[in-house]
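Subject: Handover of a structure for your review

Dear colleague,

I am passing on to you the structure shown below. Please look through it before reading the notes that come after it.

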Amino acid sequence: MAESNKIDSMREWIIEHKLRSVGCLWLSGIAGSIAYNWSQPGMKTSVRIIHARLHAQALTLAALAGAAVVEYYDHKSGAKSERYAKFLDTNHHKD
């Protein structure tokens with residue numbers, strides 16, 4: 001039971017901080033790609049740069065697709081509209 005609660009709280013954090021989540025995943029993937037490419041002996045620098053660019057493009061597409069999927073399910077579940085309604089209620093009562 002505690003495990004599902006932890007997963008739900010992680011999911012909520014990711015939904016609330018989509019850009020940070022996607023950015024961190026993208027940055028860690030790019031760093032790993034660069035580290036892997038530069039650790040390969042005997043590979044030309046131009047080939048390393050091409051591999052790094054290809055990995056960066058693939059990771060960017062994957063990150064955007066992941067963000068789109070999260071946004072789709074957020075809209076589908078109605079969670080986004082609930083959060084928006086809560087936001088409006090809290091800001092309306094402050095006046």
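The notes below describe the chain as a whole, then its largest pocket, and then several individual residues.

The model is predicted, so to speak of local features a pLDDT of at least 70 is needed, side-chain atom pairs count only at pLDDT 80 or more, and totals for chains, interfaces and linings use all residues. Residues are numbered from 1 along each chain as its sequence is written, and side-chain values use heavy atoms, with hydrogens and water left out.

Overall fold

The protein chain holds four helices and zero strands, where helices (H or I, at least four residues) and strands (E, at least two) are DSSP runs numbered from the N terminus. Read from the N terminus, the order of elements is α-α-α-α. Of the 95 residues, 14% are buried; buried stands for under 20% relative accessible area, exposed for over 50%, and partly exposed for what lies in between, with a 1.4 Å probe and protein chains only. The accessible surface is about 7600 Å², and carbon and sulfur atoms account for 67% of that surface. Such areas come from the Shrake-Rupley method with a 1.4 Å probe, and for residues only the protein chains shown count as cover. Among contacts (heavy atoms within 4.5 Å) between residues at least 6 apart in sequence, 50% join residues at least 24 apart.

The largest pocket

The largest pocket has a volume of about 160 Å³. A pocket is an open set of points on a 1 Å grid over the protein atoms alone, where a 1.4 Å probe fits, with protein on both sides within 12 Å along at least five of seven lines; lining residues have an atom within 4 Å of a point. Points are joined across faces, edges and corners, and the volume is the space filled by probe spheres set on them. The lining includes Ile14, Lys18, Trp26, Leu59 and Val70. Helix 2 (18-39) and helix 3 (45-77) each contribute at least two lining residues. By type, the lining has eight nonpolar residues, two polar and one charged; Ala, Val, Leu, Ile, Met, Phe, Trp, Tyr, Cys and Pro are nonpolar, Asp, Glu, Lys and Arg are charged, and the others, Gly among them, are polar.

Leu25, one of the lining residues, is in helix 2 and is exposed, at 63% relative accessible area.

Individual residues

Arg48 belongs to helix 3 and is buried, with a relative accessible area of 12%. A polar atom of the Arg48 side chain lies 2.7 Å from the backbone oxygen of Gln40. Beyond its neighbours within four places in sequence, Arg48 is in contact with Asn37, Trp38, Gln40, Pro41 and Met43.

Ile15, in helix 1 (residues 2-16), is buried at 7% relative accessibility. The C-alpha atoms of Ile15 and Asp74 are separated by 7.9 Å, although the two residues are 59 apart along the chain.

Leu61 lies in helix 3 and is exposed, at 60% relative accessible area.

With kind regards

Notes:
Polar contact = N/O pair within 3.5 Å; in protein donor to acceptor, adjacent residues only side chain to side chain.
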